[in-house]
Amino acid sequence: MPSRPNRAPSTSPRRVLVTGAASGLGLALVRAFDARGDLVLATDVSQSRPDVLPERTAYLPLDVRSDEAWAAALEHVRSTWGGLDLLVNNAGVAAGGRIDVATMDEWHWIVDINLLGVVRGCRTFTPLLKEQRHGHIVNTASLAGLVHAPGMAAYNTVKAGVVALSETLSHELAPHGVDVSVVCPSFFRTNLGASFQGADADMEAAGKKMVSGSKRSAEEVAAVVVRGIDARRDVILTDRDGRIAWRAKRFARPVYTAVMKRSARRLGAAR
């Protein structure tokens, strides 16, 4: 990785923008930043301010699929704060489906939100961060961006794209004093399952079961993410399961491949 120039001292409080901030990990992060005394701009698709947000937190409607909405967010940040210290591209939806069951409409939907939504956020704020010569972009991917289970082609693909984008930008923006991190949690309890949609009902049911059955809460994951941000880690793995799976893929590839193929056989037998 290129050597990084000296950064401006961290501002206190930091100026933070979070997308997908009305629920799940986004809301947990907003609450964690607010508790630290940061200035937080929460954004989500709702036109009205969600009641769940902390009282001090500012709110701005933002559909990550809209270039115009992103431009409005940049203008708001410039006019209100004069800059930004931390951009958290967290908004996302869930989809699961076998390649011959999921429709192309499902692919377009999840690509536009989970991948291009992150791309738009990075493109919108990179000029400002370069201008400042400091800042930090944090993109929420998933363990599915690193470990690719069968039956989740679309979700795996967009999350892997977020990982690739983040790694690319970590090199590209380093000479400008800008850090980039990617968050890769495995399943945790959240309402993400409510966004599941698609033609593959079996995979949708399995995905919802794994989310609702997890022992980890969004608040627990957010606490790990905040520590990873503070440490400016390139990749933030939030749990033991994720670290084991990622290490198995990297260092015990035959074992990893055997487990994935066994899972695929079970999936095929259930169809």
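So, one definition before anything else: when I say cavity, I mean a set of grid points where a 1.4 Å probe fits but cannot get out. With that in hand, how much space lies in the largest cavity here? About 50 Å³. And the count of cavities of 30 Å³ or more comes to 1.

Keep in mind that this is a predicted model. The chain averages a pLDDT of 87, and 83% of the residues score at least 70. The stretch to watch is residues 1–9, where pLDDT stays under 50. Still, where pLDDT is low, the predicted coordinates should not be read in detail.

Okay, the overall picture. We have 271 residues, and 51% of them count as buried. There are 8 helices and 7 strands in the chain. If you take contacts between residues at least 6 apart in sequence, 69% of those join residues at least 24 apart. The accessible surface comes to about 12700 Å², with 55% of that belonging to carbon and sulfur atoms.

Buried or exposed? Asn156 is buried, because its relative accessibility is 7% and the cut-off for buried is under 20%. Leaving aside residues up to four places away in sequence, Asn156 touches Ala144, Gly145, Val147, His148 and Ala149.

Last thing, a bit of backbone. Most residues other than glycine have a negative phi. Arg133, in the loop between H3 and strand S5 (135–140), has a positive phi, near 70°. Arg133 counts as partly exposed, at 41% relative accessibility. Then there's Arg232, in the loop between helix H6 (218–230) and strand S7 (235–237). Phi of Arg232 is positive too, near 55°, and with a relative accessible area of 32%, Arg232 is partly exposed.

That's my tour, thanks.

Notes:
Residues are numbered from 1 along each chain as its sequence is written. This is a predicted model: local features need pLDDT of at least 70, side-chain atom pairs count only at pLDDT 80 or more; totals for chains, interfaces and linings use all residues. Side-chain values use heavy atoms; hydrogens and water are left out. On a 1 Å grid over the protein atoms alone, a cavity is a set of points where a 1.4 Å probe fits but cannot get out, and a pocket is an open set with protein on both sides within 12 Å along at least five of seven lines; lining residues have an atom within 4 Å of a point. Grid points are joined across faces, edges and corners, and a volume is the space filled by probe spheres set on the points. pLDDT is the predictor's confidence in each residue, from 0 to 100. Contact means heavy atoms within 4.5 Å. Helices (H or I, at least four residues) and strands (E, at least two) are DSSP runs, numbered from the N terminus. Buried means under 20% relative accessible area, exposed over 50%, partly exposed in between (1.4 Å probe, protein chains only). Accessible areas come from the Shrake-Rupley method with a 1.4 Å probe; for residues, only the protein chains shown count as cover.
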